[in-house]
Amino acid sequence: MIVDLPDTTVSKISRALVNVREEGGAVALGRVLTLIIITRHGAMEEVIEAANDASREHPMRVIVLMISDPDAPSCLDAQIRVGGDAGASEVVTLTVRGEAGNANLESLVTGLLLPDAPVVAWWPNKTPGEPARTSIGRIAQRRITDAATKSDPAAWVAQLGGAYAPGSTDLAWTRLTHWREQLASILDQPPYEPVTAVRVRGASDSPSTALLAAWLRLVLDVPVDWAYLDPSEWPHGIKSVTLVRESGEINLERPSSNVAVLTQPGQPSHELSFPRRTLRECLAEELRRLDPDLLYGRVITEGWELLEPPAQEA
C-alpha cells in the first residue's frame with residue numbers, strides 16, 4: 001500500500017500512519033528501530049530496496065529524507081509505504097523543498113520516530129564531514145557512512161579518525177568482515193608462529209584496502225606494506241593479503257571477484273567463496289549491533305596513525 005501526502009506536515013503524516021495501520025490492518029508491533037536515510041533523488045529507490053531487504057531481519061520504520069530545490073517555495077511532500085511495498089518495515093519518504101530544507105532536520109523526523117526505540121542514521125551517498133555533529137547524527141545511536149560512494153575514497157578514509165565519535169561506522173569496514181574472519185581463522189591454526197610482516201593489495205577505488213591494512217597493523221603490531229593496484233591489474237575491492245612467518249608466507253588472493261585462493265606452506269591450495277558483499281548484507285550486519293563498534297574506532301584512529309603511507313606500485 002502506498003499513500004501520497006503532498007504539501008503536508010509532520011503531524012498529518014503521523015496521523016496518516018495511524019490510519020493506515022487501523023484501516024489497512026498493517027502490523028506495527030515488533031518494530032525494533034527507526035532507520036533515518038538522508039539521500040538524494042535518483043538514489044532513493046536503491047537504498048529503500050536495501051532497507052526493505054534488511055527489514056526482514058530487523059523490522060523497523062524507515063524515514064527517507066531528501067532535500068531538494070532550495071529556491072522553490074517551502075513545501076514538505078510525503079509518501080507512506082507499508083505491506084508488500086515496504087518489506088517488513090514502514091517506509092516514510094519526506095521530500096523537503098525551499099526554506100523548509102534549511103530548518104533543523106531533527107524537527108522533521110522527531111514526531112515520526114518509534115517511541116522508546118533506537119535510532120540509526122545512514123548517509124548512503126552525500127555525507128557531512130562530521131556526521132555525529134549534525135542534527136540527525138546527534139539523535140542517532142549509530143551513524144553509517146560509505147567511503148565507497150565518495151569521489152576520493154582514500155581521502156575520506158584518511159579523515160574518518162578525525163570525525164569519529166562512538167556509534168559511527170562506515171560500510172567500507174563492514175565489507176571487510178569475511179576477510180577478517182578468514183585471516184583470524186588462519187592464525188588460530190598451527191603452526192602458531194608470530195607474523196613478522198604483512199602485505200595488502202587492492203584496487204585504487206577500494207577504501208576497504210586501507211582499513212584492512214590499518215586493522216592488521218593494529219592487531220598484529222608488525223609492519224604492513226600496502227598499495228593500490230592499477231585498475232587494469234585489479235578493478236575493484238581487495239586483491240590479496242600476505243602474512244609472512246618464519247615457516248613461509250600465507251597468501252589469500254582473489255583470482256576473480258567471487259573467489260579467493262588460500263595458499264600455505266606444506267599444504268594444498270584451497271579455493272574459497274569470496275563474493276562481494278551486497279548493500280543489503282552490509283546494512284543488515286550494521287543493524288545487528290546498536291552499541292558502538294569500539295574496534296572500528298581503534299582502527300581508524302590508533303591503527304591509521306601507526307600505518308605507513310601506501311607503497312607505489314610499478
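Residues are numbered from 1 along each chain as its sequence is written, and side-chain values use heavy atoms, with hydrogens and water left out. Because the model is predicted, local features need pLDDT of at least 70 and side-chain atom pairs count only at pLDDT 80 or more, while totals for chains, interfaces and linings use all residues.

**Domains**

The domain assignment, automatic or taken from a database, divides the protein chain into domain 1 (2-145) and domain 2 (173-273). A distance of 38 Å separates the C-alpha centres of domain 1 and domain 2.

**Pockets and cavity**

Lining residues have an atom within 4 Å of a point. Grid points are joined across faces, edges and corners, and a volume is the space filled by probe spheres set on the points.

| Space | Volume |
|---|---|
| Largest pocket | about 360 Å³ |
| Second largest pocket | about 290 Å³ |
| Largest cavity | about 100 Å³ |

The largest pocket has a volume of about 360 Å³. It is lined by 16 residues, of which Arg175, Ser206, Ser208, Gly237 and Arg276 are the closest to its centre. Two or more lining residues come from each of α7 (177-187) and α8 (207-220); helices (H or I, at least four residues) and strands (E, at least two) are DSSP runs, numbered from the N terminus. The lining comprises six nonpolar, five polar and five charged residues, where Ala, Val, Leu, Ile, Met, Phe, Trp, Tyr, Cys and Pro count as nonpolar, Asp, Glu, Lys and Arg as charged, and the others, Gly among them, as polar.

The second largest pocket has a volume of about 290 Å³. Among its 14 lining residues, Ile38, Thr39, Ile67, Trp123 and Lys126 are the closest to the centre. Strands β2 (33-39) and β3 (60-68) each supply at least two residues of this lining, and β3 gives the most, with three. Eight nonpolar, four polar and two charged residues make up the lining of the second largest pocket.

A search of the whole structure finds one cavity of 30 Å³ or more. Its lining includes Gly129, Trp156, Leu160, Tyr296 and Ile300. The largest contribution to the lining of the largest cavity, three residues, is from α5. This lining holds seven nonpolar, five polar and no charged residues.

**Leu160**

Leu160 belongs to helix α5 (residues 153-160). Its relative accessible area is 7%, so Leu160 is buried (under 20%; exposed is over 50%, partly exposed in between; 1.4 Å probe, protein chains only). Leaving aside neighbours within four places in sequence, Leu160 is in contact (heavy atoms within 4.5 Å) with Asp170, Tyr296 and Ile300. Leu160 and Gly129 are 31 residues apart in sequence, with 8.9 Å between their C-alpha atoms.

**Nonpolar cores**

A nonpolar core is a set of buried Ala, Val, Leu, Ile, Met, Phe, Trp, Tyr and Cys residues joined through side-chain atoms within 4.5 Å. The largest has 37 residues, and Leu183, Val198, Val200, Leu212, Leu216 and Val241 have the most contacts inside it. Helix α8 provides the largest share of this core, eight residues. Beyond four places in sequence, Val241 touches residues including Trp179, Arg199, Ile250, Asn251 and Leu252.

How values were computed. 1 Å grid on protein atoms, 1.4 Å probe; cavity = no way out; pocket = protein on both sides within 12 Å on 5 of 7 lines; lining within 4 Å.
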